[in-house]
Amino acid sequence: MASLELQRLWKLSQIDSGLVEIRHRAANLDIGQRITAEIEALKAQDAEVGGRARKLSADLTDLEVLQKGIEDKLKKIDKLMYGGTVVNSREVENLEKEVAALKKQRAANDEKILELWEVVPPAKEAAAKIEAQVAAKQKQLVERKKAAVAEKAKLEADFVRLTQARPDALRGISPGLMNKYDSVRQRSGGIGMAEATKKNTCAGCGTVIAERMVQSLIDEKAVTCESCHRILYYTEGAV
Ligand SMILES: [Zn+2]
């Protein structure tokens, strides 16, 4: 069994470990960084796929407007030719030429329109799929941010609770042991103490504790791990 002083130090080290853990978790709090990156990637994809769909769609609209214009022109010429106002045979010939050219143009446009009718729907579908993915991720991001706020509040509350408990936990620990503990903490990532396991290893780093040191632990002396230098807490496997 560890001395009463070491038992007190163990309680203190539990508080300090808790504080280290809280700081670590606060520093690594997921406030949606990963989801934001995923959204950015999807948006880049959307710019490409969506851009293509928009371009094809616009091309189709342009062609349809063009086609409407040609139809109107043809109707006008038809009226002109059969309305009795054109009498000159050269004029008729010119109009017939124009009609032929317009019809050729109309046929070419029709072909393009048919092609676009094939490709526009799947392109739009692909773009809509990505947009839906973006929307879903954005929803996820809102949820993650909400959760992060709650996690942060919990960490802050825990931090306050442990910080307030610390002065009490310092009582009954000699300045000598305290100095030793603090210097170990500074060198060992804030964790100054580690349990000695049932198998006589250091729980902090896994190093086997030498037999003579185990004897010192049994004698309730302050023993540090040879490898990580943490003060060992010995409870004969009770902890
Ligand atoms: Zn160790």
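Predicted model: local features only at pLDDT ≥ 70, side-chain atom pairs only at ≥ 80, totals over all residues.
The protein chain is divided into two parts, with domain 1 covering residues 4–22 together with 174–233, and domain 2 covering residues 31–169. The centres of domain 1 and domain 2, taken over C-alpha atoms, are separated by 64 Å. Contact between the two involves 6 residues of domain 1 and 7 residues of domain 2, and the side of domain 1 that touches domain 2 consists of 4 nonpolar residues, 1 polar residue and 1 charged residue.

Helix α2, which spans residues 33–82, packs against helix α3, which spans residues 89–169, at an angle of about 155°, and the axes of these helices lie 5 Å apart. Because angles over 145 degrees count as roughly antiparallel, α2 and α3 are roughly antiparallel to each other. The crossing in which α2 passes α3 is left-handed, and the residues that make up the contact of α2 with α3 comprise 28 nonpolar, 10 polar and 14 charged ones.

Within helix α1, which runs over residues 4–27, lies S13. With 24 other C-beta atoms within 10 Å, S13 is buried, since a residue counts as buried if 20 or more such atoms lie within that distance. When residues up to four places away in sequence are not counted, S13 touches G192 and M193. The C-alpha atom of S13 is also separated by 9.1 Å from that of A169, although S13 and A169 are 156 residues apart along the chain.

Definitions and conventions. Residues numbered from 1 in each chain as written. Axes fitted to C-alpha atoms, helices over the stretch in contact; angles between N-to-C directions. Helix = DSSP H or I, 4+ residues; strand = E, 2+ residues; numbered from the N terminus. Parallel < 35°, antiparallel > 145°, perpendicular 65-115°, else oblique. Left-handed = near helix turned anticlockwise from the far one by under 90°. Nonpolar A, V, L, I, M, F, W, Y, C, P; charged D, E, K, R; others polar. Domains from an automatic or database assignment. Buried ≥ 20, exposed ≤ 12 C-beta atoms within 10 Å, placed from the backbone.
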